[in-house]
Amino acid sequence: MAKQALNMIYITQSRRIISNMAIEDCTQPMHGNSITASSNLFRRKGDSLPRSSDKTYSLASVARHSTPSDCWVIVRDKVYDVTAWVPQHPGGALIYVSAGKDCTQLFDSYHPLYARAVLQKFYIGNLARQAGEVAAVTYQQPPEEQQFYTVLRQRVERHFRKNEISHRASVDMYIKTALILTGLVASCYGTFFGFSNFWLSALSSVLLGVCMAEIGVSIQHDANHGAYSRNTVLEYVLGTTLDIIGASSFMWKQQHVVGHHTYTNVDGLDPDIRVKDPDVRRVSQHQPWQAYQAYQHIYLGVLYGLLGLKSVLLDDFQSISAGSIGPVSISNLTRQEKAIFWGGKLFWLAYFVVLPAVFSHHSWAALAALWLLSEAVAGWILAFMFQVAHVTPDVAFLQQKDGMLAHDWATAQVATTADFAHGSFFWTHFSGGLNYQVVHHLFPGVCHTHYPAIAPIVLDTCKEFNVPYKVYPSVSVQCLPFAS
């Protein structure tokens with residue numbers, strides 16, 4: 001009991017300090033001795049830092065520890081048992097979104113630099129791949145002092161400390177959330193119950209589709225990236241707004257956070273650009289080609305309208321059944337995640353389908369038109385916002401050679417991504433900051449309302465390190481993913 005109590009004192013004290021340091025709460029200056037002090041909280045008298053271990057683990061053995069109550073992770077081929085830290089993690093449930101797996105890129109992109117020292121308390125050994133166990137892909141790793149990303153993170157962290165602001169949500173974000181959720185409820189009622197005139201209901205249906213898309217690109221996107229609030233309960237709840245509109249927040253985190261952000265535009269690994277052979281679309285020059293794809297700029301404009309409905313009714317269930325999303329294996333759902341998954345589906349079915357079918361005065365034909373119109377608007381907006389940055393002629397589609405990529409992870413994010421309409425208040429808020437997609441990929445744990453302020457830091461650092469940064473001056477035909 002005494003040992004357990006001492007462990008809880010370590011964790012409680014360290015969380016208090018960590019939540020007030022660096023990017024977590026950028027209101028205090030951080031010095032070298034702050035890093036040492038926070039790290040020392042994690043060790044008992046006589047411990048060394050970092051702890052050394054000759055013990056080795058295979059990928060398969062680490063994968064068995066993949067729940068919140070038994071959570072191991074791999075960072076730079078070192079194995080850490082972070083189970084004791086799960087309840088206190090400032091980022092909430094994100095700590096186990098990639099439990100039992102290699103989360104090197106996720107760890108680096110979500111944590112301030114000092115967290116590398118803090119992590120050492122939980123070190124238990126090294127990764128030793130067994131025969132047949134290979135990394136999905138290995139990024140180049142230049143010396144620390146030459147790393148573009150290290151310098152960039154230092155400058156961005158300094159920005160938040162200097163201005164004494166948190167990197168997470170702002171008043172703007174709270175106002176947006178209230179407006180979007182109010183709009184969702186009002187437009188849903190107006191679409192199915194509020195108007196006897198079909199065309200007024202159709203107009204309301206368009207607004208409903210916009211509000212559903214805005215939940216996708218703004219509220220749930222920031223919340224499920226851990227970029228909404230320092231209150232982890234509030235953040236988790238707002239992340240489930242995606243479940244309210246029928247899709248699964250769990251599956252989104254597995255596909256988008258774990259898969260897409262780790263392997264952005266890497267052929268065969270990024271689940272956002274996965275295709276079958278044959279497929280209706282061809283995203284990159286490395287993928288199989290079919291003659292009919294010469295017309296995809298025409299028919300994909302229609303099919304993308306079904307994107308949201310496909311996710312709600314097909315993709316989520318296929319992923320549950322297969323245990324993967326394309327090449328990305330999914331984590332096991334906890335009881336809470338199962339309840340949210342199935343509860344969200346039933347809630348969406350009840351308010352979006354059953355209640356209108358029973359109580360709406362519209363005919364079945366009119367209801368079908370309203371359902372499809374709202375889903376089409378949401379699908380078109382989501383397809384545009386999430387693909388415009390990665391499926392354009394000027395971005396890179398990466399292929400591995402002998403398991404290696406010619407980029408480190410951070411420069412790969414810049415190479416595979418494009419921004420548009422910098423400085424536009426409308427596009428920053430309508431797109432959920434995805435007009436600053438490069439900034440988002442480099443700092444996914446930062447609320448999108450801060451992107452305009454830190455974009456110049458990213459641009460200047462890219463220029464200094466000769467990292468090409470692509471920015472379209474406005475939304476144009478060349479940005480459309482299905483127009484080329």
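A residue is called buried when its relative accessible area is under 20%, exposed when over 50%, and partly exposed in between (1.4 Å probe, protein chains only). By that rule, 55% of the 484 residues in the protein are buried. This is a predicted model: local features need pLDDT of at least 70, side-chain atom pairs count only at pLDDT 80 or more, and totals for chains, interfaces and linings use all residues. Residues are numbered from 1 along each chain as its sequence is written, and side-chain values use heavy atoms, with hydrogens and water left out.

Start with the whole protein, coloured by secondary structure. It has 19 helices and nine strands, which are DSSP runs numbered from the N terminus (helices: H or I, at least four residues; strands: E, at least two).

Next, select residues 198-224. This is helix α8, and serine 201 is found in it. Serine 201 counts as buried because its relative accessibility is 0%.

Then select residues 470-472, strand β9, where valine 471 lies. Valine 471 counts as partly exposed because its relative accessibility is 34%. Show glutamine 437 as well: valine 471 and glutamine 437 are 34 residues apart in sequence and 9.7 Å apart in space, C-alpha to C-alpha.
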